[in-house]
Amino acid sequence: MKNNKIREIILGKPLDPMKSETRHSMALVAFLAWVGLGADGLSSSAYGPEETFRALGTHTHLGLYMAIATAVTVFIIALAYNQVIELFPTGGGGYRVATKLVGPYLGLISGCALILDYVLTIAISIASGVDALASFLPLGFQPYKLWAEVFFIGLLIVMNLRGLKEAIQILLPIFLGFVATHLVLIVYGIFAHASHLPALIPNTMADTGKLAGEIGWIGVAGMLLLAYSQGGGTYTGLEAVSNNVNLLAEPRVRTGKMTMLYMALSLAFTAGGIILLYLLWDAHPMPGETLNASTFKTIIASMGLGGEVVNQMLLVIVLAFEAGLLFVAANTGFLGGPSVLSNMAADSWVPHKFRYLSTRLVTQNGILVMGIAALAVLWGTGGSVTLLVVLYSISVFLTFAISLFGLVLYWSRNRSKGTQWKRRLLLSAIGFVICAGILAILLVKRFTEGGWATALIIGAIAGLCVLIRKHYRATKQAIHSVDEVFASQPFGPNTEEIEPDPEAQTAVFIVGTSRGGGLHALLWVQRMFPNHFKNFLFVNARTVDSHAYGGEGALEQMREEAAETLEFFVDFCHSHGMAASSYLGFGTDAVDEVTRMCEEISREFPHAIFFTSKLIFSSDNWFTRLLHNQAALAAQRRLHLEGLQMVILPMKV
């Protein structure tokens with residue numbers, strides 16, 4: 001009881017997954033989704049534009065092309081991913097697109113890249129945010145940066161375990177502060193140099209022509225392409241909405257498209273605007289300062305709002321919001337990562353436990369794994385943002401390229417009238433060429449600087465996933481064989497319903513979806529205790545996981561399937577003249593729900609003994625224990641503590 005009280009204080013009171021208002025109250029409207037999912041993309045303006053501008057070297061006049069290209073690319077990727085939202089309204093994004101449109105194994109690669117992407121989202125955002133905060137602190141703080149990063153990740157884990165909206169609402173003021181301060185600085189910075197704008201285009205074209213005369217047009221194109229690729233981190237985060245459509249308020253597709261519009265507008269304006277500011281205000285790298293910091297310092301000083309102290313305070317506020325937004329962006333990893341793991345668990349690529357929800361209706365296992373993995377990455381890289389950016393960009397653009405290739409295949413195969421397939425095919429193809437090009441350049445140019453590590457990590461995760469799926473498939477086939485053996489059990493001639501007698505000896509069977517497993521337990525008990533039990537009760541406690549909770553109508557479908565299975569067992573007993581009844585319950589924890597239902601049954605049937613089956617593998621080890629929950633043993637322990645008798649029947653597979 002004491003542990004439950006402490007848990008409730010930290011994580012909040014349990015929520016009822018079967019109440020429709022619970023799902024409604026947790027779903028994100030477009031504005032909150034923009035905050036929770038859009039922060040990842042928007043925060044990349046803290047480092048993406050700078051990487052682009054630095055890659056131009058002394059040829060800063062080319063920044064105009066980069067500003068335009070950045071804004072256009074954001075909209076191309078966003079519009080392409082709107083198609084993903086339409087085609088896959090239950091979420092899954094890049095993983096679902098690749099699996100359904102290209103094939104399961106490319107889907108696996110896309111899913112593994114997405115998992116790494118979200119882990120790195122947490123790691124790089126926290127590392128960048130702490131770096132920004134450390135710039136205002138004495139140098140003596142530097143050795144403690146890693147511990148600060150550990151603290152912030154721990155804080156985000158707790159916030160996300162409490163629930164989705166609570167985490168976002170706490171981070172909302174930081175997000176709005178970033179948007180407001182950067183909007184003012186970009187608008188003022190452009191209008192303050194409005195007199196330079198008319199000459200900017202002709203001067204840029206003249207300088208470009210001069211440069212082409214020196215190094216050739218191929219050289220200019222190569223320089224632009226390299227700078228464009230270096231800033232690839234700017235576009236990360238745009239996939240977050242399509243990956244998490246299941247978290248959005250109804251109508252989900254419309255909410256998703258509105259969220260994507262907010263993201264595209266804010267990112268295109270901020271990233272493109274910052275590159276334009278670099279160009280207009282003649283930004284140059286300064287020791288110990290980011291380009292954003294040095295540019296914003298110059299702009300704030302030109303506003304004439306006060307003396308040096310006031311200007312410094314305003315700069316600190318702006319950069320503090322920038323650091324704060326990076327922490328908000330880290331939260332995207334805790335929203336998207338568990339969602340991808342849940343979708344992959346539904347296809348048996350990862351342990352099924354990643355589909356389970358906590359009492360707060362969040363994918364607790366996924367949140368913990370993402371947080372622990374981010375901590376491991378930070379320790380492994382020493383919190384180096386430079387190395388993390390390489391890992392991050394490659395994993396993101398691998399997912400982008402596979403997803404957009406899938407869309408190209410889809411529209412080339414589905415050329416029906418009224419679908420505007422030509423426009424959509426062209427948009428998908430352009431997006432694919434852009435993303436595949438950036439990915440290729442990053443792999444070639446940055447292979448020795450971390451690119452190899454990305455390929456190794458994704459390959460290792462994929463290999464483990466193949467082993468997991470192979471085991472689940474073998475287990476499923478074995479259970480199916482058991483079902484087939486018992487499928488031929490004949491029903492008796494009796495057609496009357498026989499109600500159980502509360503005072504008679506009662507056998508209570510905890511069953512799942514396998515009819516063979518339930519009949520195996522029933523016949524075993526009858527053989528071992530002939531004519532002893534007069535009542536036969538069947539209990540099914542269904543786990544409301546992320547798949548059932550997020551899908552439209554999935555809860556009702558789960559209820560119907562469970563009721564149909566229970567009805568089969570009851571009808572079988574009635575046909576043989578045995579008194580029988582069934583009980584159906586729903587919860588996020590199967591053990592808790594089974595325990596609650598069994599306690600209620602024991603009060604109604606005081607002479608009840610409980611039975612359930614447990615899969616027994618010929619080679620039991622840590623791997624099989626990881627992939628299969630120990631619900632039977634846990635339920636037996638709980639019931640024994642309550643003074644109730646429970647027998648576990650082995651079912652060898």
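Modeller: Welcome! Helices (H or I, at least four residues) and strands (E, at least two) are DSSP runs, numbered from the N terminus. This is a predicted model, in which local features need pLDDT of at least 70 and side-chain atom pairs count only at pLDDT 80 or more, while totals for chains, interfaces and linings use all residues. Residues are numbered from 1 along each chain as its sequence is written, and side-chain values use heavy atoms, leaving out hydrogens and water.

Biologist: Thanks! How many salt bridges does the structure hold?

Modeller: A salt bridge is a side-chain nitrogen of Lys or Arg within 4 Å of a carboxyl oxygen of Asp or Glu. E86, K257 and R424, for instance, are linked in a network of them. For the structure, the number of salt bridges is seven.

Biologist: Which residue forms a salt bridge with E50?

Modeller: Look in helix 4 (residues 48-55), where the two partners sit four residues apart, so about one helical turn separates E50 from R54. E50 is buried at 9% relative accessible area (buried is under 20%, exposed over 50% and partly exposed in between, with a 1.4 Å probe and protein chains only). With closest N and O atoms 2.8 Å apart, the residue bridged to E50 is R54.

Biologist: In helix 22 (residues 590-604), what separates E593 and R596?

Modeller: These two form a salt bridge, their closest N and O atoms being 2.4 Å apart. E593 is buried, with a relative accessible area of 10%, whereas R596 is partly exposed at 37%. Since they are three residues apart in the helix, E593 and R596 are separated by about one helical turn.

Biologist: Which residue meets E600 in a salt bridge?

Modeller: E600 is partly exposed, with 40% relative accessibility. An α-helix has 3.6 residues a turn, so residues three or four places apart point the same way. At 2.8 Å, N to O, the side chain that meets E600 is that of R596.

Biologist: Is S43 buried or exposed?

Modeller: S43 lies in helix 3 (residues 30-43). Leaving aside neighbours within four places in sequence, S43 is in contact with L325, L326 and A329 (contact means heavy atoms within 4.5 Å). With a relative accessible area of 1%, S43 is buried.

Biologist: How many of the 39 residues of helix 14 are buried?

Modeller: Helix 14 (residues 308-346) reaches 58 Å from its first C-alpha to its last, close to the 57 Å expected at 1.5 Å a residue (the expected span is 1.5 Å times one less than the number of residues). Just after helix 14, S348 takes a positive phi of about 65°. Helix 14 is largely enclosed by the rest of the structure, because its buried residues number 28.

Biologist: At roughly what angle do the axes of helix 7 and helix 15 cross?

Modeller: Several residues meet here, including Y118 and A123 in helix 7 and M370 and V377 in helix 15. Axes are lines fitted to C-alpha atoms, for helices over the stretch in contact, and angles run from 0 to 180 degrees between N-to-C directions. The axes of helix 7 (residues 104-134) and helix 15 (residues 364-381) come within 9 Å and cross at roughly 60°.
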